[in-house]
Amino acid sequence: MKKAGILIITLLTLVGCKNDQKKLDKLNVVTTTSMITDMVKNIGGDLIEINGLMGAGVDPHLYKASEGDVSKLFNADIIFYNGLHLEGKLVEVFEKMEGTSKKQVALGEVLDKSGLIGSEYFASNYDPHVWFNIQYFKEFAKTVTSTLSEEDPKNAINYIENEKLFIAKLDTLEAEIKETINTLAKEKRILVTAHDAFNYFGKAYNFEVVGLQGLSTATEAGVKDVQRLSEFIIENEVKAIFVESSVPRRTIEALQQAVKSKGHEVIIGGSLYSDALGDTGTEEGTYIGMFRYNVNTIVNALK
């Protein structure tokens, strides 16, 4: 049995053996992706203790739980994660914790499936990159607020007020980015990136989105993929293509060279934040700052 598996079983045994203990004044909350961590911080504020497992530049598709992660999950009161099989390599950990007192909330699972984009690449059969639709992120916020309020009713009014403030900021963000996007001609709204993380963004804001690696970074782009996409870029006179902060640059650089070998030019328009936010303490280290940066980068490069 793998070392991580042994640790999980040991910790879960302790769950069953330990006596009831008085809870600390603050809920101990564990989150997976940096987008979820930022949102939960906005709603929970100083009323909770929060541990985010994934930092800047971390790819959730490939992320494996360390012994430290398993310990954090074991000690949590609530675990918020994206679900829809985004954190594919953490599924085993979550499954082994089922039946314990841990409150596990897969935020993507609460969304109306009729609005999700289908995908054969994931066990959930849906594209999990739902945070690129701001309306869905608002649904995440509602679920986080109701969960925190249920587990910590004495602070419910504070969580509700924090959620209102956060939703208002998201409303302002959406109005701002729509104004920015409207400065870009519709025929230029073709977004070529390292992998298909932006389909919900494209659907919401009328972009044609093409990813070199498909929906999951666990798949590798082959020579045929590069050639196919290079021909698409030339035929559609795409001015710029984009790398992603959580995906190696080499795939997009290979695509750029393939276009050049056919006698055409395409620039790398910048690096977009897809599966993770930017560094903590920077504007791009927040969901709102990340979204604003991405839109400005895309529009400025494609104009």
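I began with helix H2, which lies across strands S1 (27–31), S2 and S3 and runs at about 175° to S2. Helices (H or I, at least four residues) and strands (E, at least two) are DSSP runs, numbered from the N terminus. Angles go from 0 to 180 degrees between N-to-C directions, with axes fitted to C-alpha atoms, for helices over the stretch in contact.

Next came helix H5 (residues 134–151). H5 packs on the sheet and touches S1, S2, S3 and S4; its direction makes about 175° with that of S3. I take contact as heavy atoms within 4.5 Å.

I noted the ground rules. The model is predicted, with pLDDT of at least 70 needed for local features and 80 or more for side-chain atom pairs, while totals for chains, interfaces and linings use all residues. Residues are numbered from 1 along each chain as its sequence is written, and side-chain values use heavy atoms, without hydrogens and water.

Then I looked up the sheet. Its 4 strands form an open sheet, ordered S2-S1-S3-S4, with parallel pairing. Two strands pair if DSSP finds at least two bridges between them. S3 (residues 78–81) pairs with S4 over 4 bridges in the parallel sense. Tyr81 has Ala106 in S4 as its bridge partner.

Last, I checked H2 (residues 34–44) against H6 (residues 156–181). They pack at about 130°, axes 7 Å apart. From H2, Met39, Asn42, Ile43 and Gly44 meet Tyr159, Asn162, Glu163, Phe166 and Lys169 of H6.
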